[in-house]
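Please look through the sequence and the model shown here before reading the notes that follow. They are grouped by topic.

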Amino acid sequence: MKKLILASVFTFVGFTAFAQPSETAVEETVIVSATQDGFSEIEMSELPEAVATAVSTSYPSATIDKVYVNDQKQYKIDVSLEGGTTGTLYADESGNWIEM
């Protein structure tokens, strides 16, 4: 009889432990478009030859999608690779890679 009572108590405690409401934290993510980064879109023909050569040398399978420039003649290059991967590269007007 003791085992039956003890088993019922454990069962009751087990059910009440799972019956407690849990708090679910909802985190809101806000995506802000970087339109104020100082870069403005330019035509592919305006890209300096040194920058185009740097892209083709360092990333031979890359395709240049869009090109942007800022007041300091730094270039932001949106590229896509064969596997569908996309990325952004930054270079100065001499074709040297820079970190932004």
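**Strands and their pairing**

Y68 has K76 in β3 as its bridge partner, where strands (E, at least two residues) are DSSP runs numbered from the N terminus. This is a predicted model, in which local features need pLDDT of at least 70 and side-chain atom pairs count only at pLDDT 80 or more, while totals for chains, interfaces and linings use all residues. Residues are numbered from 1 along each chain as its sequence is written, and side-chain values use heavy atoms, with hydrogens and water left out.

- β2 pairs with strand β3 (residues 74–80) in the antiparallel sense over six bridges, and two strands count as paired if DSSP finds at least two bridges between them.
- β2 and β3 form a hairpin with four residues between them, and in the turn K73 has a positive phi of about 60 degrees.
- Strand β1 (residues 40–42) also pairs with β2 in the antiparallel sense, over three bridges, and S40 has V69 in β2 as its bridge partner.

**Confidence**

- The protein has an average pLDDT (the predictor's confidence in each residue, from 0 to 100) of 80, and 64% of the residues score at least 70.
- Confidence is highest in strand β2 (residues 63–69), at a mean of 95, and lowest in helix α1 (residues 2–19), at 60; helices are DSSP runs of H or I with at least four residues.
- Where pLDDT is low, the predicted coordinates should not be read in detail.

**A residue after β4**

- W97 lies in the segment after β4 (86–92).
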